[in-house]
Amino acid sequence: MTRMTVEQAIHQALREEMEHDPRVILMGEGVATKHRDLVEDFGAERVRNTPLAEAIMAGTAVGAAAGGLRPVVDLLFAPFLPYSMDALVNSAGKLRYISGGQFSFPMVAMAMTGAGWAVGAQHNHNLEAMFVHAPGLKVLMPSTPADFRGLLKAAIRDENPVLFFIDLGLLHQEGEVEARADELIPLGQAAVRREGTHVTMVSYAKTVGACLQAAEQLEARQISAEVIDLRSLKPLDEETVLASVRRTGRLIVVHEASGLCGVAAEIAALAATKAFDALRAPVVRLTGPDAPAASSWVLEQAGVPQAEAVVAAAVELVLGTSEHTRAVMAHY
Amino acid sequence: MNVSEHTEPVADHHGVPGPTHESATPEARLSSLETMMLIRAYEEQLVELQRGGAPGTCTSVGQEACAVGVIGALDERDRILTNHRSAGHLIARGADPGRMMAEVLGRTDGYCGGRSGSLHIASRELGVVLTSTIVGGELSMAPGMALAQKMGRGEPGGIVAVFFGDGAACEGIFHESLNLAVQWQLPLLFVCENNQWQAFVHRLETMPDRAIADWAHSHGLPTRSVDGNAVEEVYAAAARAVAEIRVTGSPQFLELVTYRQRGHFEPDDQSYVDPDELVAWRRRDPIQGYREHLLESGLIDPEGLAAMERRVRERIEAAAAFAQASAWPAPDRLTDHVYA
Ligand SMILES: Cc1ncc(C[n+]2csc(CCOP(=O)(O)OP(=O)(O)O)c2C)c(N)n1
């Protein structure tokens, strides 16, 4: 085991996969400046700074994938993805299907997002659900260094286009990583971060931390919470979620992205359609508001579900409503 | 890299000489110097605040002459769209450094009540419609603003000025915006501050050297490329373009060749920058050069300059004090302003 940050884990995954497969190339605005060691070891042909032009960066990745390479394109921040949306959604996501399966698009598009930098809505926008909605794309959003590494490696080896979201607030978080080059984490498997019996918390990215904190605080009140980290939003590990909900009968879904048509809505629908008989209470969603991310630190933080709100929601679900709970929940 | 190849004015595709620098009054020239100094001091204060934990910013250190020269050629009727490096444009337009700093710190007295931060400041009262942090966002909106102007929705005789960088010229939207503005004959001044850098990538890694002016010219716009570190040259070129746009109602293009002296976004150690290039451009600092020029020409003496420096310092100290004393927004106002 090695201790490393999320940022280091991503770098290591890129390095190992470039080592592993000469078809892997890395491109993006400034990637050759940022990963100078990769340029030195793998050459300027495989690690390319691009012009500042997301539409052609993503389009080039799609074309390169169709042509036999395995591109990783760093699109920097999620709010820049809309410029590249045509290539990702209309080409990468559809061309395998509409060619009758003749072509594959093995590529990864990376982008950062999330609160933590206080620079506002044009750098911070959790757009992952938009891509979950687009057919043909896989979508990952990990929370631990080990998962960033293992999932990025698996994404690069996958035959499909994968959107790989990096929660900015986690970049410098450290964790233990099994640093064997063949250590991959398969797409579509959720991780149970903590076992519990009274309530299931489903989350991904930085709000997994809020759930874990909440679960710890709930212990003092004799409430046992299970915390599931989805990691992969598509494919979605329905079985792990359903098995937990069937045991606990209560479900709270937590994410930073806004709630309308978001991942939490999908998880709630999953529970309602496939575990309805097990539910003892309505499903609770704690999400970001239907508002652009503010720059001001206090507003930015107020837009992210915090442990306090998760605790309040769990107490309400398990023990019934209280004034305090209602006051806290009013923010979300 | 050979710096001079970027500093010598690229051919004026019009071939007509502009108004002379001497057309500016002594007061206007002194005021240009003071405004450039104010922009510099404001951004240096932001760097200090960032070191103390405030959010980072994109400074325009080295580009002050672009902001002061072009904004000086506009008037109250005009509307402005700009990019992430907008502090100079705002201050030259008369923005209050205290309210700008409050915005950077995320406080209620900021121009946008803490919703924007440094990267998206807009001010209706100043006619600054957008600071776009999506590179090219300003180019995308500019033709529509100018269309509204043309269709009688702005102040009579007003035009729209859009500021963007050399990096934005790499986005497809650059060409889309220019082409539409020409085809629809829109009263729009395109201002490209070519500061040689696109975040952490040198522009020569992404485009041919003279690409920007050539591209603009090929769209059929009157295009001028001038030394962006010489405030009077910038002013003269902008004043002429603005005057022509007011008469013809059709777009023009101004490339200002300049340099980003600090990093892309604070903090930034600039380890990726060629030190020789940086030193060469610092020697051509727009403020230092203009101070010397005004001293030599006798428009100001050392005491006058010291008094100017003092005024600037006092304004920035007051601005910082105002910003730091400003209240944080209340968390329960988080969703104000999302919908009309
Ligand atoms: C669409 C988009 N892509 C990437 C970025 C990240 N980014 C911010 S500024 C910048 C460089 C912009 O270069 P330029 O247009 O020359 O302006 P400058 O920063 O030099 O003033 C980049 C890549 C962004 N903000 N928006």
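This is a predicted model: local features need pLDDT of at least 70, side-chain atom pairs count only at pLDDT 80 or more; totals for chains, interfaces and linings use all residues.
Chain A is divided into two parts, domain 1 covering residues 2–177 and domain 2 covering residues 191–331. Taken over C-alpha atoms, the centres of these two domains of chain A are separated by 27 Å. Where the domains touch, 30 residues of domain 1 of chain A are in contact with 24 residues of domain 2 of chain A. Between them, the two domains of chain A bury about 1,900 Å², and 55% of this area lies on carbon and sulfur atoms. On the side of domain 1 of chain A, the residues that lose the most area to domain 2 of chain A are A:A115, A:A118 and A:M141, which together account for 23% of what that side buries.

Polar and charged groups also take part in this interface. Across the interface of domain 1 and domain 2 of chain A, the rule finds 3 salt bridges. Residue pairs in polar contact between domain 1 and domain 2 of chain A number 17, counting pairs with both residues at pLDDT 80 or more. Several elements build the side of domain 1 of chain A that touches domain 2 of chain A: α7 (128–132), β6 (138–140) and α8 (145–157) of chain A each supply at least two residues. Of these, α7(A) gives the most to that side, with 4 residues. By residue type, the side of domain 1 of chain A that touches domain 2 of chain A divides into 17 nonpolar, 9 polar and 4 charged residues.

Attention can now turn to the contact between the chains. Here 34 residues come from chain A and 37 residues from chain B. The area buried between chain A and chain B is about 2,700 Å², with carbon and sulfur atoms giving 65% of it. Across the interface of chain A and chain B, the rule finds 0 salt bridges, while 11 residue pairs are in polar contact between chain A and chain B, both residues being at pLDDT 80 or more. Helix α12 of chain A (residues 297–302) provides the largest share of the side of chain A that touches chain B, namely 4 residues. That side of chain A divides into 19 nonpolar, 11 polar and 4 charged residues.

Methods. Residues are numbered from 1 along each chain as its sequence is written. Chains are lettered from A and ligands numbered from 1 in the order in which they are written. Side-chain values use heavy atoms; hydrogens and water are left out. Domain bounds come from an automatic or database domain assignment. Contact means heavy atoms within 4.5 Å. Buried area is the accessible area (1.4 Å probe) that two parts lose on being put together, summed over both. A salt bridge is a side-chain nitrogen of Lys or Arg within 4 Å of a carboxyl oxygen of Asp or Glu. A polar contact is a pair of N or O atoms within 3.5 Å; within protein, one must be able to donate a hydrogen and the other to accept it, and residues adjacent in sequence count only if both atoms are side-chain atoms. Ala, Val, Leu, Ile, Met, Phe, Trp, Tyr, Cys and Pro count as nonpolar, Asp, Glu, Lys and Arg as charged, and the others, Gly among them, as polar.
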